[in-house]
Amino acid sequence: MTIDNLKSPDLAARPAAGAGPATGATGGLLSLDNLHISVHHGAATAIRGISLSVQPGEIVGLVGESGSGKTLTCRAALGVLPDGCIIDRGSITFAGRDLTTLSRRGWEDVHGSHMGAVFQDPASYLNPSITVGNQLAEVLRVKLGLSRRAARQRSIELFTSVGLSHPEHVFHQIPAELSGGMLQRVMIAIAISCDPQLLVADEATTALDVTIQAEVIELLRRLRAERGLAVLFVSHDLAVVAELCDRVVVFYAGEVVESGPAAEIIERPRHPYTQALLRVASVGDFRRRELQVIGGQPPQVGEDITGCRFAGRCPAAAGACRSGPIAPVTAGTGHEVRCVRAQEAWADAELAAR
Amino acid sequence: MSAPATQTAPLLAVESLDVVLGRGWRANQVLSGVDLAIEPGEIVGLVGETGSGKTTLARTVTGLVSPAGGRVVFEGTTISALRRGARRAERRRGHLQLVFQDPLRSLDPDMIVADIVAQGVRLQGETDREAIRQRVVGALGQVGLDASVLPRTPGQISGGQRQRVSIARALATEPRLLICDEPVSALDASNRNYILRLLDQLRTSLGLSIVIISHDLSSLAGIADRVAVLYRGRIVEDGPVDQVFAAPRHPYTALLMASAPSVRHDRELSPQQVTRTVAEAGALPEDLLAGLGGPDACVLASRCAFAAAACTVQPPLVAAGDHRRVACHRHSEWLTLARSRAAGGQLTTEGQPR
Amino acid sequence: MSGPKPRKRKPRERKARTLLRMPSAWIAIAVLVGVAVLTVFGSTLAPQNPLTVNANALFQGPGAHHLLGTDYLGRDVLSRLMAGTRLSVLTALEAVGIGLLLGTIPGIATVFLGRWFDFAANRVTDALMTLPYIFFAVAVTAALGNGLVQAMVPVGILLAPFFFRITRAATLEHARAQYVEAAELMGASKLHVVRAHVLRKVLPTIAVTTASMTAAALLAVSFLTFLGIGVQPPAPTWGGVLSSDLAYLAQAPWAPFIPGILIAVTVGALNALADAFRDRRGAGTLAQPDPIIRTHSTLEPADDDRQSQVA
C-alpha cells in the first residue's frame with residue numbers, strides 16, 4: 001500500500017454541512033452538557049454552562065481568545081485538568097461513558113485507545129534523549145502489547161501515514177534532529193497509534209510555519225477521511241478553523257457565544273463577537289487595507305457579570321443585554337447564538353461591505 | 001531592488017550579503033547574495049519561514065553578526081565595516097533600531113519601563129532628567145501608553161503593552177529606520193492588527209521606514225508597501241505587495257499564499273499544485289534528482305513541482321516587471337503548468353531535511 | 001488598552017518578605033547576629049578575663065561560677081570562646097574578603113574580555129584549585145611570619161577560584177540575554193552593560209557564595225589554629241580552644257564538644273542562610289503565568305504569560 005493510493009477529499013468541496021445534529025447534549029461521540037468548571041479551588045468560575053458535541057468523523061473547531069476557556073474545556077474532556085480545577089456542574093460523555101466520574105483505570109483505557117491529543121509545542125512532550133521511533137514503539141508495546149519487532153514495523157507504518165517521507169530514517173532520530181513540522185507529525189502518529197475515535201488538537205498548528213501548518217491541516221483532513229477520526233480542534237485563529245472545521249464553536253469569557261456549521265458562521269455570523277473575530281481575521285489577499293481591532297479587554301476569569309459577558313465591548317449592547325443571563329437561541333439549522341439581538345439584520349450590511 | 005535611474009541613495013542598502021554562522025565543519029551559509037534597498041518612508045515586509053535566515057538578516061544589518069561577504073550601507077555609511085568605538089558611536093546616533101521578537105526576553109525584567117525606554121536616550125548622552133523624561137513620555141505616547149506604566153517592570157504589564165514598550169524604546173532615539181523582528185507573532189488577531197496599525201501610523205507621522213520581518217503573511221498584511229520573500233538564505237522574489245500577492249512570480253511565494261489560512265476560500269492555487277509529490281519525485285531520473293538536491297541548485301528545487309534540468313543551478317535575482325525581481329528559471333511558465341495540476345490528493349514530499 | 005493593576009509591593013520588598021518567612025532563615029539570622037555581637041563585644045561581655053590562669057580550678061565542668069567549665073589552665077571556657085570569637089570571625093572574613101575581590105572581579109570581567117583572557121583565567125583557577133590550603137598556609141606563614149592575619153591570606157587566595165567560577169557562570173547566563181544585546185545595539189559599552197544589567201543580577205549569586213565561603217573560611221581558621229598555625233598563644237581562638245581540649249581529652253572528655261558545637265552551629269547557620277537566600281531567589285522576578293488559564297497558548301489575552309520561540 002503506497003501513499004499515492006490513498007485518496008483524500010477534494011480540497012474545494014466541504015463535507016456535508018449536516019455533519020451532525022445541533023449542538024447540545026444530543027449524543028454523538030463526545031458530548032459536553034452544561035459544563036461549569038471552577039478554578040483555583042473554587043475561587044473563580046472559569047467555564048459557565050458550556051455545551052457542545054462532536055459527532056463521529058466530525059471536525060469541530062473551538063475558537064476564542066486566550067483565556068476564553070477553550071483550553072480548559074479540552075483538558076476537562078481529556079481528564080487532565082490542572083490542580084484546583086473542579087467540575088461543579090454538568091457532564092462530559094464519551095461514547096456513552098461518563099468522563100466526570102471516571103477512575104484512573106478508566107482513563108488509562110480511554111487515553112490513546114479512544115481519545116488522543118496533540119498540543120502546541122511537540123518538543124516538550126517528547127523525551128529529548130530517546131529516538132522518536134522508540135517513543136512511538138513504546139506506546140504500542142505498552143498499550144497494544146505488540147512485540148518489539150511488530151511495534152517497530154507499526155511505528156514505521158504510522159510515520160508513513162502521517163506524511164513523514166523517510167520513516168525508517170526518522171525512526172532513529174532524536175527530537176532535536178527534527179523540525180517543528182516533523183515533530184508535530186510524530187506527535188500525531190503517537191496520538192493516533194492506538195486508533196482512537198477522537199483527536200484533541202489544542203493549538204497544534206499555532207507554532208508552525210505557514211506551509212507546514214497547511215500540510216498538517218491537510219493531514220488531519222486525510223486522517224478523518226481514512227479513519228473516520230473525529231477532531232476537536234482548538235485555535236485562536238479563526239482563519240485556520242475556517243479552513244479545517246465542519247462546525248465551529250465560538251468561546252468568549254468562559255461561555256459558548258455561537259456555534260454552528262463553519263460555512264454558515266463565516267457567511268452569516270450572528271454574534272457581535274464572532275463578527276468582530278471575522279473582521280480581524282486573515283482575509284487571504286494581504287493587500288493594503290484598513291486593519292480592524294476589537295476594542296476593550298475580555299473580563300477577568302471568573303468575573304461576575306450580569307447579563308452578556310461581551311456587553312462591555314459590544315457595539316450593539318442594549319439594556320436587555322445586561323439585565324439577566326442570556327440563553328442561546330436558534331439562528332438556523334444547527335446554528336445557535338447567545339445574543340438577544342442576533343435576529344436583527346443590522347450586522348449584515350456591515351459584513352457585506354467587507 | 002531594481003531602481004534603474006534613481007538618484008537619491010536609499011536609506012538602507014544591503015549589497016550581496018553573505019553570512020556564514022558557525023565555524024569549521026559546523027559552518028552554515030545562512031544568507032547568500034542578499035540584495036535589498038529600503039527607501040525613506042516605506043514599509044517593507046520580509047517574509048521567511050524557519051531556516052530562511054530572516055532573523056540573521058536583521059542581526060547582520062544591525063551589526064550583531066559580521067557578514068562573510070557583501071556589505072550593509074545605512075545613510076551612506078558602510079556600517080558593516082564599523083568596529084568597536086566607531087560602531088558604538090554609530091549606534092548611539094539611534095537612527096537604526098531593532099525591535100526584537102520577544103519582549104519578555106528583550107526587556108530587562110528588573111528594570112522599570114521608564115528606565116528601559118530612557119536607555120537609548122541616556123546612551124546618546126542626554127543627562128537632563130527633564131529632557132529624558134519628556135522624550136520617554138513622548139515615545140510612550142506615540143505607542144498609545146500613558147505615564148502609568150512608567151514605574152512598572154515588564155512583568156507587571158500585559159503582553160501587548162510589553163510589545164509597545166519595546167517599540168517605544170526604539171522610538172525614543174528618533175530613528176529613521178525600524179527593523180521589527182516578528183513584532184506580532186505571539187499576539188492574537190486583534191492585538192496584532194493594533195500593533196500593525198500603530199506601525200503604519202508611525203510611518204506616516206514620523207516619516208519612519210519600517211522593515212517587518214515575519215514568518216507569515218498575515219503579520220504584514222495590510223500595511224506593507226513592498227514585500228521580499230526569503231527562502232533558505234536567498235531572496236526569491238520581491239516587489240510591490242499588491243502585485244506580488246495578486247500575481248506571484250515565484251512558486252514559493254505561491255506556496256506561501258496557498259498555505260496561508262483564510263476565512264475566504266478564494267485562493268487560486270492549492271499547496272499541492274506547486275509542490276512536488278512523492279510519486280513525481282520517483283518519476284524523475286536519478287541524476288536529475290540528485291542535481292536538484294545539490295548545494296548549487298535552486299533553493300526550492302528539492303520541493304518544487306516545476307524543477308527542471310536548468311534548476312540544478314541557482315537562478316539569479318533578475319528584474320521581472322516594474323520594480324519586481326524574481327529568482328526562478330521558469331518564472332514565466334510555471335503558473336500555467338500549476339493551473340493544470342490536480343488540486344489535491346497526493347502526498348507531498350516532507351519539508352527540508354535538516 | 002489598559003493593563004492589570006500593579007502588584008501591591010515592589011519586587012525587592014516581596015523578596016525580603018519571602019526570605020523572612022522561612023524558619024530556617026530566622027534561626028540562622030539569630031545565630032549570626034549573636035556571633036556578630038560577640039565579634040564586636042566579646043571581650044567586654046565575657047564574664048571573666050579569658051587570660052586569667054587559676055591553678056585551683058583546672059578542668060572544672062560546667063557550673064555556677066564557670067558556665068562552661070574551665071580548661072587545662074583554669075581559664076573560663078565561656079570567656080575564652082566569647083573573646084575568641086573576634087579573632088576567628090574577623091580572620092575568616094578577611095579570607096572571604098580577599099577571595100571575593102580576587103574572584104568576583106575577574107569572574108565578571110572574563111565574560112567581556114575575550115577568549116584569551118577567559119582561557120588564561122580558567123587555567124589559573126584550575127591551578128589554584130589543586131593547592132591544598134594547609135600547606136599553602138604553612139608556606140606563607142613561613143615566609144611572612146606566623147600570625148593569623150598572614151595565615152588567612154593564602155586561604156583567601158584559595159577561595160578566589162570558587163568565587164571566580166560561580167561568578168563567571170552567573171555572569172555568562174546574564175550576559176547572553178537579549179536585553180543585553182538590545183543595550184549593545186543602542187551603543188552601550190561593556191561597562192555600561194555590566195553596571196546596568198549584569199551586576200544587579202549577579203549580586204544574589206555572589207551573596208550566596210559569600211555565605212558559603214564564610215563558612216568554609218571559618219572552618220579553615222579553626223583548623224589552622226587547631227594545628228597551631230598562625231596562633232599566638234595565649235590569645236584565644238575557637239580552633240585553639242578545640243585543640244587544647246583535645247590534648248587533654250582524658251581529663252575533660254566533655255570539653256571539645258563545646259567549641260566544636262559553636263563552630264558547627266555557626267557554619268551551619270551560614271550555610272542555612274545561603275540556602276534560604278538561594279531558594280527565595282527563584283520567586284518574584286517575573287510574573288509567573290497562571291497555569292490554569294494560560295496553559296499552552298502562546299497568545300496574548302490582556303494578561304501576561306510566557307511566549308514560545310518562533311525560529
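Trainee: What makes β6 and β7 of chain A paired strands?

Mentor: This is a predicted model, and in it 4 bridges join β6(A), residues 115-118, to β7(A), residues 198-202. Two bridges are enough for a pair, so these strands count as paired, and they run parallel. One bridge links A:Met115 with A:Leu198 of β7(A).

Trainee: How do you know which way the residues of β6(A) point?

Mentor: A:Met115 and A:Ala117 point one way, while A:Gly116 and A:Val118 point the other way. In a regular strand, side chains alternate between the two faces of the sheet. Here all four of these residues are buried.

Trainee: Why is β6 of chain A called an edge strand?

Mentor: Look at the order of the open sheet, which has 8 strands: β6-β7-β8-β3-β9-β10-β12-β11 of chain A, with mixed pairing. β6 and β11 (329-330) each have a single partner strand, so one side of each is left without a neighbour in the sheet.

Trainee: What is packed on that sheet, and what does it touch?

Mentor: Helix α6 of chain A, residues 180-192, touches β6 and β7 of chain A. Its direction makes about 170 degrees with that of β6(A).

Trainee: What makes β9 and β10 of chain A an antiparallel pair?

Mentor: β9(A), residues 247-252, and β10(A), residues 255-261, pair over 6 bridges in the antiparallel sense. The cut-off is at least two bridges, so the pair qualifies with its 6. A:Arg247 stands opposite A:Pro261 in β10(A).

Trainee: Which strands make up the sheet of 4 strands in chain A?

Mentor: That open sheet has the order β2-β1-β4-β5, and its pairing is antiparallel. β2 (44-54) and β5 (97-98) stand at the edges, because each has a single partner strand. Further in, 7 bridges join β1(A), residues 30-39, to β4(A), residues 86-94, and A:Asp33 stands opposite A:Ser91 in β4(A). Helix α1 of chain A, residues 70-78, lies across β1, β2 and β4, running at about 115 degrees to β1(A).

Trainee: Why is C:Val193 called buried?

Mentor: The cut-off is 20 or more other C-beta atoms within 10 Å. C:Val193 has 21, so it counts as buried. C:Val193 is found in helix α8 of chain C, residues 190-227. Leaving out residues up to four places away in sequence, it touches C:Val180, C:Ala183, C:Glu184, C:Ala188 and C:Val198. As for C:Glu181, 12 residues away along the chain, its C-alpha atom is 9.2 Å from that of C:Val193.

Trainee: How do you know how α4 and α6 of chain B sit against each other?

Mentor: Two packed helices are described by the angle and the distance between their axes. For α4(B), residues 113-123, and α6(B), residues 159-171, the axes come within 7 Å and cross at roughly 35 degrees. On the α4(B) side are B:Val113, B:Ile116, B:Val117, B:Gln119 and B:Gly120, which meet B:Val165, B:Ala168 and B:Arg169 in α6(B).

Technical notes: Residues are numbered from 1 along each chain as its sequence is written. Chains are lettered from A and ligands numbered from 1 in the order in which they are written. This is a predicted model: local features need pLDDT of at least 70, side-chain atom pairs count only at pLDDT 80 or more; totals for chains, interfaces and linings use all residues. Axes are lines fitted to C-alpha atoms, for helices over the stretch in contact, and angles run from 0 to 180 degrees between N-to-C directions. Helices (H or I, at least four residues) and strands (E, at least two) are DSSP runs, numbered from the N terminus. Two residues are in contact if their C-beta atoms, placed from the backbone, lie within 7 Å. A residue is buried if 20 or more other C-beta atoms lie within 10 Å of its own, exposed if 12 or fewer, and partly exposed in between; C-beta atoms are placed from the backbone.
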